[in-house]
Amino acid sequence: MITPIKLDLMYTEYQIKNLFRNQAVEYIRNKNIGGVSNSKGNTYEDVFAIYKISSLSKNFIEDEREVYLLGKCLSFIDDLVIELISGNTLQYYQLKNSYSVTWGTGRKLINDDFKKQYELNKSIAKELELALVVSSLEL
């Protein structure tokens, strides 16, 4: 069974504020809004999501495992999130197709997003897999 969203997968602003303070809540809220706006017609992310769904198809068709997908959620790594229920695992994918590894100005580096996502995930006691996916070897 594949489901596009699972409500308890989303983090709350309270959880984020509790771990990282108010600035992180504002940053992640703005990042999410920007990501949703830019996702219209974003072929690279769409193709990757289709690839991941097809690669997981055996899990939910033949093995009848539950798999949940979420994109552009309130999360530091937010391009695609996959929850594998049987392994209590969340897989996070951040996709890049440019040389820029920052968002805006200040402490908005991609490595900081990965670090914060790791810390946020520890707070909900789920296994974590993080991946940065680039569109070409040159990146």
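Which residue forms a salt bridge with Lys 58? The legends below describe close-ups of a predicted model.

**Close-up 1. The salt bridge of Lys 58.** The partner of Lys 58 is Asp 63. Their closest N and O atoms are 3.3 Å apart. Lys 58 counts as partly exposed, at 46% relative accessibility. Asp 63 is also partly exposed, with a relative accessible area of 32%. The structure has four salt bridges in total.

**Close-up 2. Glu 83 and Lys 126 meet in a salt bridge.** The N to O distance between these side chains is 2.8 Å. Glu 83 belongs to strand β3, residues 80-84. Lys 126 sits in the loop between α5 (110-122) and β5 (127-134). The pair therefore ties together parts that are 43 residues apart in sequence. Glu 83 is buried, with a relative accessible area of 1%. Lys 126, at 23%, is partly exposed. Side chains of opposite charge can pair when their charged atoms come close.

**Close-up 3. Gly 87 in the loop between β3 and β4**. Strand β4 spans residues 89-96. Gly 87 is partly exposed, with a relative accessible area of 35%. Its C-alpha lies 7.7 Å from that of Glu 127. In sequence, Gly 87 and Glu 127 are 40 residues apart.

**Close-up 4. Strand β2 is covered on both faces**. The strand runs over residues 67-70. Val 67 and Leu 69 lie on one side. Tyr 68 and Leu 70 lie on the other. All four of these residues are buried. In a regular strand the side chains alternate between the two faces of the sheet. Strands β2 and β3 run antiparallel and are joined by four bridges. Opposite Val 67 stands Leu 84 of β3.

**Close-up 5. The largest nonpolar core.** This core holds 18 residues. Tyr 11, Ile 16, Phe 20, Phe 76, Val 81, Tyr 92 and Leu 120 touch the most other members. Elements α1 (13-20), α2 (22-38), β4 and α5 each give two or more residues to the core. Helix α2 gives the most, with four. Beyond its neighbours within four places in sequence, Leu 120 is in contact with Tyr 11, Ile 16, Leu 19, Phe 20 and Phe 76. Another core lies apart from the largest one and has 11 residues, among them Phe 48, Leu 56, Leu 69 and Val 133.

**Close-up 6. Aromatic rings.** The structure holds four aromatic pairs. One of them joins Phe 48 and Tyr 51. Their ring centres are 6.1 Å apart. Phe 48 counts as buried because its relative accessibility is 12%, and the cut-off is under 20%. Elsewhere, Phe 20, Tyr 27 and Phe 76 form one aromatic cluster. Of these, Phe 20 and Phe 76 are also among the residues that touch the most other members of the largest nonpolar core.

Methods
Residues numbered from 1 in each chain as written. Predicted model: local features only at pLDDT ≥ 70, side-chain atom pairs only at ≥ 80, totals over all residues. Heavy atoms only, no water. Phe/Tyr/Trp six-rings, centres within 6.5 Å; stacked < 30°, edge-to-face > 60°. Buried < 20%, exposed > 50% of the residue type's maximum accessible area, 1.4 Å probe, protein only. Pairing = 2+ DSSP bridges. Core = buried A, V, L, I, M, F, W, Y, C linked by side-chain atoms within 4.5 Å. Contact = heavy atoms within 4.5 Å.
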